[in-house]
Amino acid sequence: MADTESEIALLVDGVRRSLTVDNRVTLLDALRDRLGVTSPKKGCDHGQCGACTVLLDGRRVTTCLTFAVACDGAEVTTSAGLATDGRLHPLHQAFLDHDGFQCGYCTPGQICSAAGLLDEAGAGWPSAVTADVRTAPALNEEEIRERMSGNLCRCGAYVNIVAAISEVAAKGEPAP
């Protein structure tokens, strides 16, 4: 192994995976090109579109800006990994029910970001539009739009995406 490479281990969607990566490889490229995990998409490669969003140890991250070597030992959950025992996650079902996608390219990143959003709001984390940071934020449309602002949909399905997330938030579905 050269000085420019490192051996890393990841728990990807519940499966332990080991690989050797160049120290400059992003988590997105390691997932897609080395491990064949195609749920996160390569959109802008600059962290601006959110298509590559996954949950890293439960927190949402853009994988195109995250070095794979920095994730050694971490748990990576993709949109595909949110499903359990062949059952869709409530966010998957809500996106289907509300037509929260059109071409579907951004959908895995949108769903992972929404899962992270539900967890963050459930923990009481305020956003830039939270009126009173001393109280738990209510997940109204303004809060959801602000919290999802890092995920772009070039097809413009935003109204349906917000409706899908609102439905899951209203039901109090547990985050992953």
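Me: How many bridges join strand β1 to β2?
Reply: Happy to start there, keeping in mind that this is a predicted model, where local features need pLDDT of at least 70, side-chain atom pairs count only at pLDDT 80 or more, and totals for chains, interfaces and linings use all residues. Residues are numbered from 1 along each chain as its sequence is written, and side-chain values use heavy atoms, with hydrogens and water left out. Strands here are DSSP runs of E with at least two residues, helices are runs of H or I with at least four, and both are numbered from the N terminus. Strand β1 covers residues 5-12 and runs antiparallel to β2, and the number of bridges joining them is eight.

Me: Which strands are the edge strands of the sheet?
Reply: The open sheet has five strands in the order β2-β1-β5-β3-β4, with mixed pairing; strands pair if DSSP finds at least two bridges between them. An edge strand pairs on one side only, and here these are β2 (15-22) and β4 (59-62).

Me: Is α3 parallel or oblique to α4?
Reply: Helix α3 (residues 90-97) packs against α4 (residues 107-122) at about 125°, with the axes 10 Å apart. Axes are lines fitted to C-alpha atoms, for helices over the stretch in contact, and angles run from 0 to 180 degrees between N-to-C directions. Under 35 degrees counts as roughly parallel, over 145 as roughly antiparallel, 65 to 115 as roughly perpendicular and the rest as oblique. The angle therefore makes α3, relative to α4, oblique.
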